[in-house]
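This report describes the arrangement of selected secondary-structure elements, beginning with a sheet and ending with a pair of helices.

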Amino acid sequence: MPASPSTARAINDRVALRLLQQEGPLTAGQLKQLTGLSRPTVADLVERLTAAGLIEVVGESGEQRRGPNARLYGIVADRAHLAALDVRTEGVTVVVSDLLGRELARASVPIADDTGTGPAVEQAVTLVERAAKEAGAERLHTVGVGAPGLIDPATGELRDSSGLPEWHRRLVAALQERLPARVIVENETNLAALAEQRDGAARDRDTFVLLWLGHGTGAAVVLDGRLRRGASGGTGEIGFLPVPGTSTLPSATDCEGGFHSLAGSAAIAELAAGHGLVATAVSPGEPEAAALVRQAVATLSSPSPSPSPSAFSGADRFLSALADRLAIGAASVVAVLDPGCVVLGGEVGQVGGEVLATRVGERLARMSPLPVEVRASALGGGAVLRGALLTARESAQDDLFAPRSR
């Protein structure tokens, strides 16, 4: 059945808003061309969206052009403010943006291991409130939170996970109590995959696996353009994957003995020490493994004067041994999912770059009959914040761009 006039108007409005979101400011003529709608229909929707406070005139097209046909319309960026949080065991980072995703404020706070649950939660919530004030946001519309651990697919809540601080779970409830905002929680690795697909190394892929390599390990699975979470929200808990080369097996409450024991930051640091490598983190909170991999890659890529033969050899052997370890975990994922592409994510994947990705790819080619391309992360640890912001933005726009009853 044909759509009713009100439904057709709602569909046209949403199409126009999505185009303005994707393309930036457009004239009415450009909207007509891109939507295929008639000139009167476009004029009507521009009038409706302007009256609703969703779009506004932001300039004119062409230096010599004047008048209604030259007006450029854009989304009202300050119609809503958003926040994204990257929650780690050692602290929290927050970004506040407008509806177009433009960053307005950024702040971080370290949280020590011995900080009590209440004080830790208060530090984190205060950080968000201060960042929002700095950004000039009277209120936040949506808050996206990226955190380690399992997200219950039925409730969207962070589940109790052994090894993670209690304040992680309490933080979500505190944000919901203190902020007049929608709070969305997602596993940090899943958010990193969304960001790499939208803006990073997997932009041309609708099926891939992101292997997270930071302080800990994890994986995110995107199949046919959709993020897959599993029956209990645990898809990608690769740290628990039993692998050869460890002294024990993982348990239901401890991933020690699993892939985490080969590819977590502490394990990589121990591996590097065995090859004579030392390095210093370049930023607070950076995993030690990232600093070591960066140093090894720089040593191999160093121009004249060349590093000493022993330093070069140590870096080469370390990266080869690390590639062996990463290929073990990646091969299991490839054998089950056949993703065609594995992104080495997180801080370690980013600094390893093509040097590490190529070595892992070579080993996978020998271990698996399935073709797979290995790529280095383009966003590194920042992918979690980017993914949280994208998620908050999508949710806010779905709400604000939804058809309203007339």
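## Sheet and strand pairing

Leu210 stands opposite Val343 in strand 12. Strand 9 (residues 208-213) and strand 12 (residues 341-345) run parallel and are joined over 4 bridges; pairing requires that DSSP find at least two bridges between two strands. Helices (H or I, at least four residues) and strands (E, at least two) are DSSP runs, numbered from the N terminus.

The model is predicted: local features need pLDDT of at least 70, side-chain atom pairs count only at pLDDT 80 or more, and totals for chains, interfaces and linings use all residues. Residues are numbered from 1 along each chain as its sequence is written, and side-chain values use heavy atoms, leaving out hydrogens and water.

The open sheet contains 5 strands in the order 11-10-9-12-13, with mixed pairing. Strand 11 (226-228) and strand 13 (373-376) are at the edges with a single partner strand each, so one side of each has no neighbour in the sheet. From one strand to the next, the twist averages 25°.

## Helix across the sheet

Helix 10 (residues 309-337) lies across strand 9, strand 10 (217-223) and strand 12, at about 155° to strand 9. Axes are lines fitted to C-alpha atoms, for helices over the stretch in contact, and angles run from 0 to 180 degrees between N-to-C directions.

## Helix pair

Helix 2 (residues 28-35) and helix 3 (residues 39-51) have axes that come within 9 Å and cross at roughly 120°. Ala28, Leu31, Lys32 and Thr35 of helix 2 make the contact with Arg39, Val42 and Val46 of helix 3 (heavy atoms within 4.5 Å).
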